[in-house]
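Biologist: I would like to go through this model one feature at a time. Please give the cut-offs as the terms come up.

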Amino acid sequence: MKPTFRILTDEQRRAIAEGVFELLERVGVKLTEPEAQALLHGAGARVEGDLVYIPAYLVEDAIQSAPRGISIYTRSGELAMQLEGYNYYFGAHTDAPDVLDPFTHERRPCREEDVRRNAVLIDALPNISYTTASGLVADCPPELADRVSLAQCLWNSTKPVLAMPVTLQALIDSHEMAALAVGGDDVLRARPILIVYAEPVSPLVHPDESVSKLLYCAEHEIPLVYTPYAAMGGTAPLSQAAIVAQLCAESLSGLVVHQLKRRGAPFIFGGMPSVMDMKTTIFSYGAPEFQLGNSLMAEMAHYFELPNFGTAGTSDSQVFDGQAVLEVTSSCIMAALSGANLVHDVGLLGNATIVMPEMIVATDEIISMVRHLLPEVRVDEEALALDVINAAGPGREFVTHPHTLHHVRDVWYPDLFYRGGAKAWGGSDQTTFEQRVNARTRELIESHQPEPLPNEIVERIEDIIKRAEEATQ
């Protein structure tokens, strides 16, 4: 069995779900997008101005019609992620205005070159399953930043990409770019490499722009993450049960519209339940309440049997230090144990204000450790090895036994953690963990060679960006 854990009882899960249904039916959501309002009204929801009250049977029907699992592929068509059950996959940050440059150690605004570097880095790291196109690029027009970022991800990594198009037109362009990268829209639909992110606003508001992207993704069967972010004491009540119920209501009300538009379209449920730190007023990305809330959202995803969008690999630290490593490690363990499927924000620190490429490399090592910390443990004749113990007898050694040679690679051997002992340490250059991570980060950025796209495809993607630029002038 793969180790997992549960925090909520069956009764507690049901109580939260019933609370979600009551919120949507009694409190409703603010939603003004005309097509979505028409779909909801035609299906039986009550529409009063900009408020929509959604009956429980519509929510339950949408949950039943949505896929239980979603397959995501690499640019070359290989299965990269199966988003279902307790499978978990980690990906990088979704947005941050600043970057901590691993070469100069300078904190500065994110540039297009940083997106390229991060895509190369992620392509090289075996435990980071997907890259991200955040659109926060300071050295290009803001109207184009999301497409510029996506282009760099498609050019510099074969891994799937989570994109954050700001507008509906940006989504249309992103769809076209991803289709070019894999060989056409039919290929993209059959073996999706693109995942799109959109979000409602807490509490219980669905902006027109978010809903328009939701409808487009449903129509074209593009896997969609529709996940709100809220903070207890700020944009949600100061209670774990309440914030989880509110976030579930926000994501599931989006699911209802999504499935009314196209039944069976791929939808990824989620929510980010943080806390407002009353000492600083920041919305924390490292607090234990945030990590606990993410695990509770994963539990509710399992209850509804929907693929889940999780969060881990984050910290409130402003630098790459012990606090960062501690908060990142605990969040990765919680995400793995709770079975959060599509885990994002690796390398996003400083209360979601700064990306640290070095932390992406460090987290890759941490995830590798977590996978060995929480494996499926075999208990069979070979694993028990009673005949090996019997053959050796009391007081003997196993170093020279063939069983040890056969299983020597079953053990985790870290790349960045030190295990050499005191004598070896005294004769080494005695670099710290942070120094080893920095050296590894710089080496991968400078030496890793991603599989390139054909020049013709690169040029056609560039043409889409030029076309978008001309449309803004």
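Biologist: Is Tyr88 buried or exposed, and what is its relative accessible area?

Modeller: This is a predicted model, in which local features need pLDDT of at least 70 and side-chain atom pairs count only at pLDDT 80 or more, while totals for chains, interfaces and linings use all residues. Residues are numbered from 1 along each chain as its sequence is written, and side-chain values use heavy atoms, with hydrogens and water left out. Buried means under 20% relative accessible area, exposed over 50%, and partly exposed in between, with a 1.4 Å probe and protein chains only. Tyr88 is therefore buried, at 7%.

Biologist: Which class of aromatic pair do the rings of Tyr88 and Phe90 form?

Modeller: Rings of Phe, Tyr and Trp (its six-membered ring) pair if their centres lie within 6.5 Å; planes under 30 degrees apart count as stacked, over 60 as edge-to-face and the rest as tilted. A search of the whole structure finds 11 such pairs. For Tyr88 and Phe90 the centres are 5.9 Å apart and the planes at 80°, so the pair is edge-to-face.

Biologist: How many residues apart in sequence are the parts that Tyr229 and Tyr285 tie together?

Modeller: Tyr229 and Tyr285 are stacked, with 5.6 Å centre to centre and 15° between the planes. Helices (H or I, at least four residues) and strands (E, at least two) are DSSP runs, numbered from the N terminus. Tyr229 lies in strand E14 (residues 229–232) and Tyr285 in the loop between strand E16 (272–275) and helix H10 (288–304), so the parts they tie together are apart in sequence by 56 residues.

Biologist: With which residues is Asp114 in contact, leaving aside its neighbours within four places in sequence?

Modeller: Asp114 lies in helix H4 (residues 112–124). At 3% relative accessibility, Asp114 counts as buried. With those neighbours left aside, its contacts are Val99, Arg108 and Pro109.

Biologist: Which residue does a cis peptide bond join to Ser202?

Modeller: Omega of this bond is about 0°.

Biologist: What is the relative accessible area of Glu305?

Modeller: Glu305 is found in the loop between H10 and strand E17 (308–311). Phi of Glu305 is near 60°, a positive value in a residue other than glycine. Glu305 is partly exposed, with a relative accessible area of 49%.

Biologist: What is the relative accessible area of Ala352?

Modeller: Ala352 is in the loop between E19 and E20. Its phi is near 65°, a positive value in a residue other than glycine. Ala352 is buried, at 18%.

Terms used
Contact means heavy atoms within 4.5 Å.
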